[in-house]
Amino acid sequence: MDWSITPLSSHTGAEVRGIDLKRGVDADARARLNRAFVEHSVLVIREQDLSPPQMLDAVRLFGEVFEQHNTKFSLPDCPLVHYISNQDFFPDGKRYIPGEGYHTDHSNAAQPPKATVLHAIELPDAGGDTQFVNMHRAYETLPDATRARIDDLKAVHVYQSRHSARKLMGLDPARREVVPEAVIHPIVRTHPESGRKSLYINPIRIDGIVGMEEPEALALLDELLAHATERRHEYRHKWLPGDLTIWDNRCLLHKANGDYDMNQTRYLYRVMLRGDAPV
Ligand SMILES: [Fe+2]
């Protein structure tokens, strides 16, 4: 099979062309894809046409499937696959735009998903990009004094932080019992595959920093987020129909944009892959 991996920016993202995941890939290709995933943090596998069960099979090339927290968005016929849609509304009638505001997925799990995979099924004519920022670069470009200050700090992650600007869709009572109350993760983590350090913050989930007063913690988190989300650390993904995009939650923040015509549908399938406890 003749296929290629081409970087999409100088630091984050690569495009894969010439693979049909429906047909499966051999062991060499699988190893190459997994190496590229760790190296580029975002892989965009173009021109796929996968049903939900086919998507599950395809993403198992990269790991084991993680059970997502909010089963409201689970597909009835294939519950490990969820959907992302702009056609859902809060109980008060306000439109729900999933994924707005920078975050990393499900960091309120003791072992957060290492990766999230989206498969574009229906897209608006323009807009709806996903922005990624590279948290390895964010960490490495911090002033020495800031790195020394944060190296041993730990944060408390919850389903919905009191400080989050974005409201999540509430959990059903049955799911509330399964999803952890709060977990503690380091603010600087080491990538288990590359050994590279990255900043691990999440404005929608972090409720506080262990041993730090709230005003000081919030000021520090704001400062780190402002630094991390500078344009120089960003890869902005413009979706094409058929894209299957897998990203590394261990070393990226991402956000969706609700900047398109809401009369048009934006609909993607979502799967997550299991990860380790951050260290
Ligand atoms: Fe997300």
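Colleague: What makes H103, D105 and H254 the protein donors of the iron ion?

Modeller: In this predicted model, H103 (NE2), D105 (OD) and H254 (NE2) lie 2.1 to 2.2 Å from the iron ion, and since a donor is an N, O or S atom within 2.8 Å of the metal, these atoms qualify, although water is not among the atoms and the site may therefore look incomplete. Along the chain the donors follow the spacing H-x1-D-x148-H.

Colleague: Why can the pair D105 and H254 be said to tie together parts of the chain?

Modeller: D105 lies in the loop between β8 (95–96) and β9, whereas H254 belongs to strand β18, so the pair links parts that are 149 residues apart in sequence.

Colleague: Are D105 and H254 buried or exposed, and how do you know?

Modeller: Buried means under 20% relative accessible area; D105 has 4% and therefore counts as buried, and H254, with 5%, is buried as well.

Colleague: What makes β16 and β18 the edge strands of their sheet?

Modeller: The sheet is open, with three strands in the order β16-β10-β18 and antiparallel pairing, and β16 (234–237) and β18 (252–256) each pair on one side only. From one strand to the next, the twist averages 20°.

Colleague: How do you know that β10 and β18 are paired?

Modeller: Pairing requires at least two bridges between the strands, and five bridges join β10 (residues 130–134) to β18, the two running antiparallel; one of the residues involved is T130, whose bridge partner in β18 is A256.

Colleague: Which residues touch the most other members of the largest nonpolar core, and which element supplies the largest share?

Modeller: That core holds 36 residues, of which L21, L33, L43, M55, F62 and I246 touch the most other members. Elements that each supply at least two of its residues include α2 (52–59), β3 (42–45) and β17 (244–248), while the largest share, five residues, comes from α1.

Colleague: What does F62 touch beyond its sequence neighbours?

Modeller: Leaving aside residues up to four places away in sequence, F62 touches L33, N34, F37, L43, I45, K114, I246 and L273, where contact means heavy atoms within 4.5 Å.

Colleague: Why are C78 and C251 called buried, and how many disulfides does the structure hold?

Modeller: With the limit for burial at under 20%, C78 counts as buried because its relative accessibility is 9%, and C251 counts as buried because its value is 1%. The structure holds zero disulfides, the criterion being a pair of cysteine sulfur atoms within 2.5 Å.

Key. Residues are numbered from 1 along each chain as its sequence is written. This is a predicted model: local features need pLDDT of at least 70, side-chain atom pairs count only at pLDDT 80 or more; totals for chains, interfaces and linings use all residues. Side-chain values use heavy atoms; hydrogens and water are left out. A nonpolar core is a set of buried Ala, Val, Leu, Ile, Met, Phe, Trp, Tyr and Cys residues joined through side-chain atoms within 4.5 Å. Buried means under 20% relative accessible area, exposed over 50%, partly exposed in between (1.4 Å probe, protein chains only). Helices (H or I, at least four residues) and strands (E, at least two) are DSSP runs, numbered from the N terminus. Axes are lines fitted to C-alpha atoms, for helices over the stretch in contact, and angles run from 0 to 180 degrees between N-to-C directions. Donors are N, O and S atoms within 2.8 Å of the metal (3.2 Å for Na, K and Ca); water is not among the atoms, so sites may look incomplete.
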